[in-house]
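Please open the model in your viewer with the sequence panel beside it. The stops below say what to select next and what is found there.

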Amino acid sequence: MAFCHSITRNMEDQDTMKAFLGLLGSHERYLTGYTYSLIPNSTDAEDILQDVKIALWENFDQFEIGTNFAGWSKQVAFYRIMAFRKKKAIENKRLFFSETCMELLHQDADDNTDAVEEEVARLNRCIDKLPDPQRELVSLRYKEDFSIEEISVRCSKSIEACYKSLSRIRLQLKKCLSH
């Protein structure tokens with residue numbers, strides 16, 4: 001009986017991890033941009049991002065699926081950023097932004113969260129309208145983060161042809177977004 005419980009628990013853990021990784025993956029660029037907007041030093045920003053991702057995973061049981069993951073993750077990031085700033089202040093390190101400025105930047109990000117999410121949804125709808133080969137190219141470049149050289153090899157096209165194809169696709173997406 002304990003063995004069956006262990007298998008069931010393991011499957012639940014896998015489902016939880018898949019849900020977490022899916023949400024983190026779809027919001028990672030937003031979270032990265034938010035962190036870099038408040039921490040100008042890239043090494044510090046990367047360290048904070050790693051800390052934020054660990055904190056998000058450790059507290060994922062407190063997140064309610066279907067609610068605003070971007071808002072929740074941004075709030076976790078904000079508290080980690082403020083803890084970093086406090087540590088730097090204790091170490092007498094130079095801080096780039098005042099506390100008031102940090103609060104204003106955080107509030108501005110709050111105000112833009114819904115607009116960003118709607119824009120991402122609109123972009124995804126435009127991407128869905130692309131023919132399969134173009135969608136695959138977009139996926140390779142922007143979701144899987146392949147270099148143009150890697151895409152060129154994978155698609156058996158010249159590097160120049162890949163650049164041109166992506167350029168045409170970006171124009172199509174821009175046109176779709178403007179309508």
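Helices here are DSSP runs of H or I with at least four residues, strands are runs of E with at least two, and both are numbered from the N terminus. The model is predicted, so local features need pLDDT of at least 70 and side-chain atom pairs count only at pLDDT 80 or more, while totals for chains, interfaces and linings use all residues. Residues are numbered from 1 along each chain as its sequence is written, and side-chain values use heavy atoms, with hydrogens and water left out.

Begin at helix α5, residues 132–143, and select its buried residues, which are Leu137, Val138 and Leu140; buried means under 20% relative accessible area, exposed over 50%, and partly exposed in between, with a 1.4 Å probe and protein chains only. These residues cover an arc of only 165 degrees around the axis, which puts them on the same side of α5, the arc being that of the directions from the helix axis to the C-beta atoms. On the face of α5 turned away from its buried side, select the exposed residues Asp132 and Lys143. After α5 comes aspartate 145, whose phi is positive, near 60 degrees.

Next, select the aromatic side chains. The structure holds seven aromatic pairs, where rings of Phe, Tyr and Trp (its six-membered ring) pair if their centres lie within 6.5 Å, with planes under 30 degrees apart counted as stacked, over 60 as edge-to-face and the rest as tilted. The ring centres of phenylalanine 20 and phenylalanine 60 are 5.2 Å apart and their planes stand at 70 degrees, so this pair is edge-to-face. It links distant parts of the chain, 40 residues apart, with phenylalanine 20 in helix α1 (residues 2–38) and phenylalanine 60 in the loop between α2 (42–58) and α3 (69–90). Both phenylalanine 20 and phenylalanine 60 are buried. Widening the selection, ring pairs link Phe20, Trp57, Phe60, Phe63, Phe69 and Trp72 into a cluster.

Now select lysine 74, which lies over the face of tyrosine 34, at 5.4 Å from the ring centre; a charge sits over a ring if NZ of Lys or CZ of Arg is within 6 Å of the ring centre and within 35 degrees of the ring normal.

Finish at lysine 175 in helix α7, residues 159–178, which is exposed, with a relative accessible area of 55%. Cysteine 126 is 49 residues from lysine 175 along the chain, and their C-alpha atoms are separated by 9.3 Å.
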